[in-house]
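Hello,

Here is the structure I promised to pass on to you. Please have a look at it first, and then read my notes below.

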Amino acid sequence: MNLSPKDLFYDAPTPRGTRPLPKPIRKDPRSTAFQFELAALDLRLRAERIFDAAKRIDVSVLTDANLDRALSHIGQAYWDLDRADLFVGVADDLRDTFGKERA
């Protein structure tokens with residue numbers, strides 16, 4: 001494969017000394033906020049689908065194992081709603097921070 005140690009290891013010696021550190025990627029707070037809002041929307045939509053499906057379940061015909069599974073999914077849907085609220089809060093904080101930097 002014609003590889004040398006410098007090709008395999010970041011801290012391997014190079015002919016000119018040490019390698020430069022990679023520059024950190026600077027993300028735009030507005031696009032990051034938008035990504036958090038999309039994730040929140042996805043979680044809310046998933047939770048709504050679970051709640052809608054749960055309304056149509058006849059629990060009298062479910063086995064205990066299936067009832068446990070259904071209740072577990074409903075619990076996950078409530079957790080998704082809480083997480084969506086958190087994501088919206090993060091998005092709002094990012095926008096507030098961006099707005100203060102621009103002022």
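**What I found**

D85 has a relative accessible area of 45%, so it counts as partly exposed. Please keep in mind that this is a predicted model. The side chain of D85 meets that of R44 in a salt bridge, with 2.7 Å from N to O. This pair ties together distant parts of the chain, since D85 sits in helix α3 and R44 in helix α2, 41 residues apart. R44 is also partly exposed, at 30% relative accessibility.

Now for the overall picture. The chain has 3 helices and 0 strands, which gives the pattern α-α-α along the sequence. Of its 103 residues, 15% count as buried. The accessible surface comes to about 8600 Å², and 58% of that belongs to carbon and sulfur atoms. If you look at contacts between residues at least 6 apart in sequence, 69% of them join residues at least 24 apart.

Back to the charged pairs: the count comes to 5 salt bridges. One of them joins the side chains of E37 and R95 at 2.9 Å, N to O. Here too the pair links distant parts of the chain, with E37 in helix α2 and R95 in helix α3, 58 residues apart. E37 is partly exposed at 28% relative accessible area, and R95 is partly exposed at 33%.

The salt bridge between the side chains of D52 and K55 is listed at 4.0 Å, N to O. These two residues are 3 apart in helix α2, so about one helical turn separates them. D52 is partly exposed, at 40% relative accessible area, whereas K55 counts as exposed at 69%.

Which residues are in contact with D80, leaving aside its neighbours within four places in sequence? They are L43, R46 and A47. D80 itself lies in helix α3, which covers residues 64–102, and it is buried because its relative accessible area is 0%, under the 20% cut-off. T32, in helix α2, is buried as well, with a relative accessible area of 15%. Apart from neighbours within four places in sequence, T32 is in contact with K27 and L94.

Finally, there is a nonpolar patch on the surface, formed by F34, L38, L41 and L45, with about 370 Å² of accessible area together. L38 lies in helix α2, residues 29–55, and counts as partly exposed at 44% relative accessibility.

Best wishes

Note on methods. Residues are numbered from 1 along each chain as its sequence is written. This is a predicted model: local features need pLDDT of at least 70, side-chain atom pairs count only at pLDDT 80 or more; totals for chains, interfaces and linings use all residues. Side-chain values use heavy atoms; hydrogens and water are left out. Helices (H or I, at least four residues) and strands (E, at least two) are DSSP runs, numbered from the N terminus. Buried means under 20% relative accessible area, exposed over 50%, partly exposed in between (1.4 Å probe, protein chains only). Contact means heavy atoms within 4.5 Å. Accessible areas come from the Shrake-Rupley method with a 1.4 Å probe; for residues, only the protein chains shown count as cover. Patches are made of residues with over 30% relative accessible area and no salt bridge: like charges are joined within 9 Å, nonpolar side chains (Val, Leu, Ile, Met, Phe, Trp, Tyr) within 5 Å.
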